[in-house]
Amino acid sequence: MTSFGSLYICPTPIGNLEDITLRTLRVFKEVDLIACEDTRITRKLLNHYNIKTKLVSYHKFSEKKKSEFLINLLKEGKNLALVSDAGTPLVSDPGFELLKQAYENGIKIIPLPGASAVITAVSASCLKEPYFAFLGFFPRSKKNKENILKQFKNINAVFYESPSRLVNSLKDIFNILGNRKITIARELTKIYEEIKQDKVKNLIEYYQNNPPKG
């Protein structure tokens, strides 16, 4: 009887291609298949390290359909790696359905440490208290923004936000929480990396005059 394969959760660089572990590169070479959000993005990374492992797309629109396919491969004894376009999979990225079914079917899950935009940003934020709450993407509606900001007003809260909505979200933070000090981290590990810590009002003015592109 063929034993089940293993599912590796593999972080990938958030910008700089050098930010990947030797263990992750070894796993990429050894697994039978790599499930990724965008095969073009992952192939660029693999080509950089001359890795030829086969890829299969796995994104939020195909999670349920592809999860069953991948679970069957794992049950046949194949070893698979799950990656997102950047950073650690399953942190505001697809993968929940696959992981859920893997647990339900007794598949061995092996998470690898590595790059994370959240941790990278937090490490440079000079937080006095040694705790924070990561809350995913910043809500779009004003009501939801107000609710979540008030709920976490006394906790270091970390959000993702798109460049096009940054200024409006900063205005919402100012209107709801006042002119407190916050940190904006963008283009982390890339050529135009920018980390700014200032009062909200000053950051609104700065990004109105210097619209972020990434």
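I began by settling a term: two strands pair if DSSP finds at least two bridges between them. The model I am reading is a predicted one, and I kept that in mind for each entry below.

**Entry on one pair of strands.** I looked up strand β1, residues 6-9, and strand β4, residues 80-82, and found that 3 bridges join them and that they run parallel. Since at least two bridges are needed for a pair, I could therefore write β1 and β4 down as paired, with 3 bridges between them. Within this pair I noted that Tyr-8 stands opposite Ala-81, which belongs to β4.

**Entry on the sheet.** I then followed the strands across the sheet, which is open and has 5 strands in the order β3-β2-β4-β1-β5, with parallel pairing. At the edges I found β3, residues 55-57, and β5, residues 108-111, each of which pairs on one side only. From one strand to the next I recorded a twist that averages 25°.

I reminded myself that strands of a sheet pair through backbone hydrogen bonds, either parallel or antiparallel.

**Entry on helix α4.** Which strands does helix α4 touch? I found that this helix, residues 96-104, packs on the sheet and touches β1, β4 and β5, while its direction makes about 145° with that of β1. In helix α4 I also looked at Lys-100 and Glu-104, which lie 4 residues apart, about one turn of the helix. Their side chains meet in a salt bridge, at 3.0 Å from N to O, and a search of the whole structure gave 9 salt bridges.

**Entry on a pocket.** Last, I turned to the second largest pocket, which holds about 210 Å³ of space. I counted 13 residues in its lining, and those nearest its centre are Pro-13, Gly-15, Leu-17, Ile-41 and Asp-85. By kind, I sorted the lining of this pocket into 6 nonpolar, 4 polar and 3 charged residues.

Note on methods. Residues numbered from 1 in each chain as written. Predicted model: local features only at pLDDT ≥ 70, side-chain atom pairs only at ≥ 80, totals over all residues. Heavy atoms only, no water. 1 Å grid on protein atoms, 1.4 Å probe; cavity = no way out; pocket = protein on both sides within 12 Å on 5 of 7 lines; lining within 4 Å. Points joined across faces, edges and corners; volume = space filled by probe spheres on them. Nonpolar A, V, L, I, M, F, W, Y, C, P; charged D, E, K, R; others polar. Helix = DSSP H or I, 4+ residues; strand = E, 2+ residues; numbered from the N terminus. Axes fitted to C-alpha atoms, helices over the stretch in contact; angles between N-to-C directions. Contact = heavy atoms within 4.5 Å. Salt bridge = Lys/Arg side-chain N within 4 Å of Asp/Glu carboxyl O.
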